Amino acid sequence: MLTRVKSAVANFMGGIMAGNAGAEHVNGTELPMKFPYSRPEFLGLSQDEIECSADHIARPILTLRESKRLPWGTGYAEVINAGKSMHNEDQGSCGLVTVKKKSSAPITPSKNSTAKRRSSLPNGEGSQLKDNSESEEITFNYWALFDGHAGAGAAVVASKLLHHKIAEHLQEVAGVLRNSAVLPPTCLNDEPEVVSNARTLTRAASLRGSMGTPGSPSSPPTRFFIEKKIPHESLVIGAIENAFKEMDMQIERERATYNISGGCTSLAVVFLMGKFYVANAGDSRAIIVRNGEVIPMSSEFTPETERQRLQYLACLQPHLLGNEFTHLEFSRRVQRKELGKKMLFRDFNMTGWAYKIIEEDDLKFPLVYGEGKKARVMATIGVTRGLGDHDLKVHDSNIHIKPFLSCTPEVRVYDIAEHDHDANDVLVLATDGLWDVLSNKEVAEAITSFLSNCDPDDPRRYTQAAQDLVMKARGVLKDRGWRISNDRLGSGDDISMYIIPLLHGTKLT
Ligand code: MG
């Protein structure tokens, strides 16, 4: 078992150019790709340029061309890893997405699929499709980063499709969101159902079918119809959560047809009606830098931060551990000679530590093992939320990892009208390659300092700031290693980042 675990760890950590190794055991290379490997569309790179960007020795930092603009003047920069995988496995997607009114007329499948595609094209194309229902449209700005592992397939698919899923789910509640005077009714049809006192959702709505209509002779006492108030922003959060779930299900479904290798973390931001919705599943990170101060907008989901959820699941369904792992955590690896002795441990219900007598079962490998960036679930993976990974197994076993990996994002909301912003206030999104080597404080100081010295009218200032940050995290090649300030180790991972100016959003409210 130990040999197997060591081998699994070595495989996951990867050697030079091991990036596509996962594809072989996942789907088989004979399956077609759902989408060809590429860099983010908004970079507008040719195939030759994509190949040049994958130079693991030079590690060129890619930014937007002069001719390219992202919404709000958003800055973007990226760099490939130092050799851990052949491709840059980060992906990105950004644009203005239009959610059209849901048609009440019967729609043929082909027409429906076209309408859906048009309704949510990235990079603002969707907004050009005006028709008689224009006034019924809502639009949202969208920025997303996906950090792939064990292949780029899942990250590429998510970068092409997640915003469509979000648009489709927002379409379900668009009628309610458009009319701020009307809070969500119990049922949402194309024409929202009007029910008496329908300013709230009814918790007991599902009981109506069997218990009759409130107020009718057969209706139960009114105390059973407690009205639960659902704020509009909760409807947006629900739409995003369900979009993540549907994206994950589509990857699971289509992996039999396409080569959708590996999995990916997902950090997606929706700006809708004056609020940022920052949805994170994985170990990328979002922070707001306002007046030089850091406001965290996400938390990372790792084996350490999610230990109790993982242990609880394993405790409820021990068969998921395949008789190879224990859900308990010990202060160190238990050895056979310690049977019958006391050791400190933690179960799912504990944040503190206590002693227990070591038994035979405790000799199994821990479900969560390792510290910091080396912590792993079942000695296999270092993130606990994301999309894909449906075929990921413990090395040389039939034990699936997926039940422990959740596709559910944490969504945080930031109301831009609640604060004053200036041109140096930004929302920063970046994959873990940046945060591995730079702290929130260092990033905030670097951005504030850089922007303060820029021409405020320079439209490329946020892109230049992103380029500067990626350079600070990558460092320079010195003595066969990448080094950053104070001779610290630079990041050897892929790095992608957006810098989004908040002042632009303020103007939209
Ligand atoms: Mg990474």
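What follows is a conversation of questions and answers about this structure.

Visitor: What kind of model is this?
Guide: Residues are numbered from 1 along each chain as its sequence is written, and side-chain values use heavy atoms, with hydrogens and water left out. Local features need pLDDT of at least 70, side-chain atom pairs count only at pLDDT 80 or more, and totals for chains, interfaces and linings use all residues, since this is a predicted model.

Visitor: Which residues coordinate the magnesium ion?
Guide: Donors are N, O and S atoms within 2.8 Å of the metal (3.2 Å for Na, K and Ca), and because water is not among the atoms, sites may look incomplete. The donor atoms here are OD atoms at 2.1 to 2.2 Å, and in sequence the donor residues are spaced D-x284-D-x60-D. The residues that coordinate the magnesium ion are Asp147, Asp432 and Asp493.

Visitor: How many residues apart are Asp147 and Asp493?
Guide: Strands (E, at least two residues) and helices (H or I, at least four) are DSSP runs, numbered from the N terminus. Asp147 belongs to strand β4 (residues 138–149), whereas Asp493 sits in the loop between β22 (481–483) and β23 (495–501). The pair therefore links distant parts of the chain, and the two residues are 346 residues apart.

Visitor: Is Asp147 buried or exposed?
Guide: Buried means under 20% relative accessible area, exposed over 50%, and partly exposed in between, with a 1.4 Å probe and protein chains only. Asp493, with 8% relative accessibility, counts as buried. The relative accessible area of Asp147 is 6%, so this residue is buried.

Visitor: What is the N to O distance in the salt bridge between Glu306 and Arg309?
Guide: A salt bridge is a side-chain nitrogen of Lys or Arg within 4 Å of a carboxyl oxygen of Asp or Glu. Of the two partners, Glu306 is buried at 5%, while Arg309 counts as partly exposed at 27% relative accessibility. Their side chains meet with an N to O distance of 2.9 Å.

Visitor: In β14, which residue is the bridge partner of Phe345?
Guide: Two strands pair if DSSP finds at least two bridges between them. Three strands form an open sheet with antiparallel pairing, in the order β12-β13-β14, and strand β13 (residues 342–346) pairs with β14 over four bridges. The bridge partner of Phe345 in β14 is Ala354.

Visitor: How many disulfides does the structure hold?
Guide: A disulfide is counted as a pair of cysteine sulfur atoms within 2.5 Å. Cys52 is exposed, with a relative accessible area of 57%, whereas Cys454 is buried at 15%. The number of disulfides in the structure is zero.
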